[in-house]
Every structure is written in structure tokens, then in C-alpha cells.
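Visitor: Can you walk me through this one? Keep it quick.

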Amino acid sequence: MNMTDPIADMLTRIRNATQAGHRKVEVPASNMKKAVAAVLKEQGYIADFVAVDEGPQGVVRISLKYFERAGKRTGVIEGIRRVSKPGRRIYADKTAIPKVRGGYGIAIVSTNQGIMTDHQCRRHGVGGEILCEVW
């Protein structure tokens, strides 16, 4: 099966697994997905990720993170949304990088210096393609 937007597929799998209360989720591996998972781990949205060479492509196993509130388990990721899509790419220069939820969340940006958060883009003075927003 040919997939049009692998990043959107990864985000959807994470969103669905979080809502269902799963501890782990597997996504087909790619360097871009590993970089996005690394940013999510660095920012504290996921517990861990590991790249496993299984089959022809391999998989990225993502361990999800949850809060325990009043006996109820809620995901650390409240929302995750794809911004730039194959049909409509969204780019922003260093002065127009958006703030997510008033600075409460992060935007993951693909730059010429690699995948980084909106905060890092402002610090380094670079722009790029806004991949997704996480809050």
C-alpha cells in the first residue's frame, strides 16, 4: 500500500494509541520519523523510542507517557496536529514561527539544520516547514 503522508500516519497512530491508553505504539521507520520522535522525547511528550530493524523497513517503537490524576490515567500529549500537508506545504521564516497554545505547546519544524522545535528555531534564527503542533 502506498502511503501519501507518512508523518501524518505516525501522528495519527500516536494520537489513537494515547486515547486508547496503550503503553507503546509502533510506526514504520524513517529518518524523519526518528527525528520527530527524538524531539518528542527531548521535550518530554513521550517516555522513550527505539528503532528496531524488523523486516525490510524496520519500525520505531514509541513508549507513551501518562499522568495519573485522581486514579485516572491521561496522556501527556493532549493534542497533536499535522500542519504542513502534501497538498499544502506551510513554511515560515524565522520571524513568523508560530507559538502553539500561547507557548504551552511546541511546533516541530523541519529546517536546513535538522528537525527542531519552534523555540530552538527562534534561538538559532532559522525558519522552515512547520511539520506539526503538539500540546
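Guide: Start with a strand pair: in β9, T117 is the bridge partner of I108. Strands here are DSSP E runs of at least two residues, helices are H or I runs of at least four, and both are numbered from the N terminus. This is a predicted model, where local features need pLDDT of at least 70, side-chain atom pairs count only at pLDDT 80 or more, and totals for chains, interfaces and linings use all residues. Residues are numbered from 1 along each chain as its sequence is written, and side-chain values use heavy atoms, leaving out hydrogens and water.

Visitor: How many bridges between β8 and β9?

Guide: 4 bridges, antiparallel, between β8 (residues 106-111) and β9 (residues 114-117). Two strands pair if DSSP finds at least two bridges between them.

Visitor: What joins β8 to β9?

Guide: A hairpin, through 2 residues.

Visitor: New topic. What's the strand order in the open sheet?

Guide: β1-β3-β2, 3 strands with antiparallel pairing. β1 (24-28) and β2 (46-52) each have a single partner strand, so one side of each has no neighbour in the sheet. Neighbouring strands are turned by 20° against each other on average, direction ignored.

Visitor: And which residue stands opposite I46?

Guide: L64 in β3. Strand β3 (residues 59-64) is joined to β2 by 6 bridges.

Visitor: Which strands does helix α2 touch?

Guide: Helix α2 (residues 31-42) touches β1, β2 and β3. Contact means heavy atoms within 4.5 Å. The direction of α2 makes about 155° with that of β2. Axes are lines fitted to C-alpha atoms, for helices over the stretch in contact, with angles from 0 to 180 degrees between N-to-C directions.

Visitor: Where does α1 lie?

Guide: Helix α1 (residues 6-20) lies across β1 and β3, at about 165° to β1.
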